[in-house]
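Reader: I would like to learn how to read a fold from its coordinates. Could you take me through one?

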Amino acid sequence: MIAFVLSGGGNRGALQVGALQVLLETGIRPDMLVGTSAGAINAAFLATDPTPAGASRLGEIWQQVTKENAYPGGPLRVIWHLLTHRDSLYPHENLKAFVEAHTPPGARSFRQSAVPLYIVATDLRNGSLYIFGEDAEDTIVDAIMASTAVPLSSLPGPIGTACW
């Protein structure tokens, strides 16, 4: 079994696409995809079309990502979210709209993936690992949003602790 396990790292998700293209062009195909954060976006998209053409389309999508899609509002918005004890450092509406707009039709749930797909996130209630995809009816967009979240509790030190 060949599994592609894709890590997070914000804009490094775009760099993963180059590696995925090379793997697929040389005939190495995944039997399973696992991703977290930016890697969850890549894994989810590639799970619908795990071919060189699919990876190429994923690269085109990454070229469309802007700061406003992922981290809207700038530093003042982050400070406001800290002061008002919001659930996240950044609002999620723009990223969710971008992900929904680029999710291929017919790929809304894990059941519809061409290869098994798992997206991992942290359950903030207890700090445990949560694996989306074990239930085939999980929605891919919800899994991506959970995995890409930047919760206030992720901050080190007293600020993160206080906001937990």
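Reader: In what order do the elements of the protein run from the N terminus on?

Author: Happy to start there! This is a predicted model, in which local features need pLDDT of at least 70 and side-chain atom pairs count only at pLDDT 80 or more, while totals for chains, interfaces and linings use all residues. Residues are numbered from 1 along each chain as its sequence is written, and side-chain values use heavy atoms, with hydrogens and water left out. Helices (H or I, at least four residues) and strands (E, at least two) are DSSP runs, numbered from the N terminus. Here the elements run β-α-β-α-α-α-α-α-β-β-α-α, which comes to eight helices and four strands.

Reader: How do the four strands form a sheet, and in what order?

Author: Two strands pair if DSSP finds at least two bridges between them. In this protein the sheet is open, with the order E1-E2-E3-E4 and mixed pairing. E1 and E4 are the edge strands, each pairing on one side only. From one strand to the next, the twist averages 20°.

Reader: What is the sense of pairing between E3 and E4?

Author: Antiparallel, over five bridges, with E4 spanning residues 128-132. Ala 121 has Tyr 130 in E4 as its bridge partner. The two strands form a hairpin with four residues between them, and Gly 127 in the turn has a positive phi of about 75°.

Reader: What handedness does the crossover from E1 to E2 have?

Author: The general idea is to look with the strands pointing away from you: a crossover is right-handed if the path from the first strand over the helix to the second runs clockwise. In this case the chain goes from E1 through H1 to E2, and the β-α-β crossover is right-handed.

Reader: At what angle do H1 and H2 cross?

Author: Axes are lines fitted to C-alpha atoms, for helices over the stretch in contact, and angles run from 0 to 180 degrees between N-to-C directions. The axes of H1 (residues 12-25) and H2 (residues 38-48) come within 9 Å and cross at roughly 35°. Contact means heavy atoms within 4.5 Å; here it is made by Gly 13, Gln 16, Val 17, Leu 20 and Leu 24 of H1 with Ala 38, Gly 39, Asn 42 and Leu 46 of H2.

Reader: What do the buried residues of H7 pack against?

Author: They pack against E2, H2, H6 (93-102), E3 and E4. H7 (residues 140-148) has seven of its nine residues buried, including Ile 140, Val 141 and Met 145.

Key
Buried means under 20% relative accessible area, exposed over 50%, partly exposed in between (1.4 Å probe, protein chains only).
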